[in-house]
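Hi,

Here is the model I promised to pass on.

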Amino acid sequence: LFDGIYPFYSEKRKATVFDVSTIIVIVVFLTFACSFLLIVPGIRGRVRLYWTLRVLLSLLMGAVIVVVQFTGDWETGWVKANTSYKSFSHALVNVDIGLHVGLAGVNVTLVGNPVNQLNETINYNEHFAWTFDANYDQSYSEGLEKGLPSPILYVAEKFTTQSPCGVHRQYRISGHYASATLWVAFCTWLISNMLFSMPVLVYGGYMLLVTGAFLVFSLLSFSTTRRSPMCPIQFGSVALHMGYGGSFWITLVVGLLCFVAGITIVTLHYFSLDLLKAFFDLREDKAEEHQEMTDVYINPHLVNQGL
């Protein structure tokens with residue numbers, strides 16, 4: 001061991017779902033949420049509940065839009081198999097093999113059952129990036145040079161540019177456009193919050209509808225990968241089958257939430273504007289001032305002296 005790390009794997013490995021960027025985004029949005037919760041006690045009456053609901057719901061939308069950019073579980077698959085562990089070896093190991101596809105690349109996970117087999121610890125998680133500033137084939141070649149286990153190389157080889165499967169280009173372009181669409185959705189989410197604070201409520205509702213539309217567009221962009229026939233990933237008699245992961249479904253939920261919130265705000269604007277203003281704490285100041293002026297006490301002595 002070299003400082004507690006195997007010599008052939010000196011670099012840090014990428015997490016399957018959460019990485020440093022994801023944690024940073026979550027911490028930032030949690031900081032905003034906690035900061036708001038500190039000032040909630042200073043808000044009086046039912047307005048406190050309305051503010052809490054609006055702010056936390058909006059932060060949830062923004063956090064999800066940014067976090068799913070860095071997660072690696074847009075498409076996932078697991079299989080348990082008895083397979084060879086190394087090239088030029090007939091020794092078999094019982095392992096769980098996982099494939100996690102994100103917008104920026106794939107993670108291949110290999111975990112032994114049990115972890116210690118053949119006098120080795122079988123617990124791997126390798127990331128292969130395909131973003132425009134990364135070279136997937138080079139990452140795969142480096143894996144060959146390091147001597148990664150055969151199941152990892154076999155799965156990663158399916159996504160190379162030279163693979164007969166031919167899915168590399170489709171996944172790369174679909175992930176790129178899905179990521180770009182999500183950033184547009186984040187911008188429209190920011191604009192909607194600005195419009196709500198100005199306040200221009202109905203236009204804020206329209207921007208929420210636009211945000212939901214771009215979230216759906218990102219899902220449609222990623223879903224185009226399903227049109228490409230995926231080569232079977234076979235380990236003996238069992239195969240690794242892929243399905244949409246948690247990031248895909250949570251993006252769909254947030255997109256539908258944006259549609260529901262936007263439609264509700266636009267509907268209330270045209271049919272119940274007073275209720276919408278009450279929810280956003282925008283009641284007429286003149287009415288409140290007039291109501292407060294009803295309880296005014298006048299000193300008769302001062303009035304007579306003035307007359």
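How much of the chain over residues 51-71 is helix and how much is strand, and how far apart are the end C-alpha atoms? That stretch is 81% helix and 0% strand, with its end C-alpha atoms 30 Å apart. Helices here are DSSP runs of H or I with at least four residues, strands are runs of E with at least two, and both are numbered from the N terminus.

Before you dig in, the ground rules. This is a predicted model, so to speak of local features we need pLDDT of at least 70, and side-chain atom pairs count only at pLDDT 80 or more, while totals for chains, interfaces and linings use all residues. Residues are numbered from 1 along each chain as its sequence is written, and side-chain values use heavy atoms, with hydrogens and water left out.

Residues 51-71 come from the UniProt record: its unreviewed entry has the annotation "transmembrane region" for 20-39, 51-71, 91-111, 177-196, 202-222 and 243-271. UniProt positions are in the numbering used here, feature names are shortened, and annotations may be inferred rather than shown by experiment. Over residues 243-271 the chain is 90% helix and 7% strand, and the end C-alpha atoms lie 43 Å apart.

Now the rings. The whole structure holds 19 aromatic pairs (ring centres of Phe, Tyr or Trp, the last by its six-membered ring, within 6.5 Å; planes under 30 degrees apart are stacked, over 60 edge-to-face, the rest tilted). Trp 130 and Tyr 171 have ring centres 5.6 Å apart and planes at 35 degrees, so they form a tilted pair. Trp 130 sits in the loop between β4 (120-129) and α3 (136-146) and Tyr 171 in helix α5 (residues 168-197), so this pair ties together parts 41 residues apart in sequence. Both Trp 130 and Tyr 171 are buried (under 20% relative accessible area; exposed is over 50%, partly exposed in between, with a 1.4 Å probe and protein chains only).

Phe 214 and Phe 217 have centres 5.9 Å apart and planes at 85 degrees, so that pair is edge-to-face. They are 3 residues apart in helix α6 (residues 201-223), about one helical turn. Phe 214 is partly exposed at 24% relative accessibility, and Phe 217 is partly exposed at 45%. Elsewhere, ring pairs join Trp 74, Phe 222, Tyr 244, Phe 248 and Trp 249 into a cluster.

Arg 54 is worth a click. It lies over the face of Trp 51, 4.4 Å from the ring centre, and over the face of Phe 279, at 5.9 Å (the test is NZ of Lys or CZ of Arg within 6 Å of the ring centre and within 35 degrees of the ring normal).

Arg 54 also turns up in the largest pocket, being among the residues nearest its centre along with Phe 196, Ile 265, Phe 279 and Phe 280. A pocket is an open set of points on a 1 Å grid over the protein atoms alone, where a 1.4 Å probe fits, with protein on both sides within 12 Å along at least five of seven lines; lining residues have an atom within 4 Å of a point. The lining has 26 residues, and α2 (47-67), α5, α7 (246-271) and α8 (273-279) each supply at least two. α2 gives the most, with 8 residues.

Cheers
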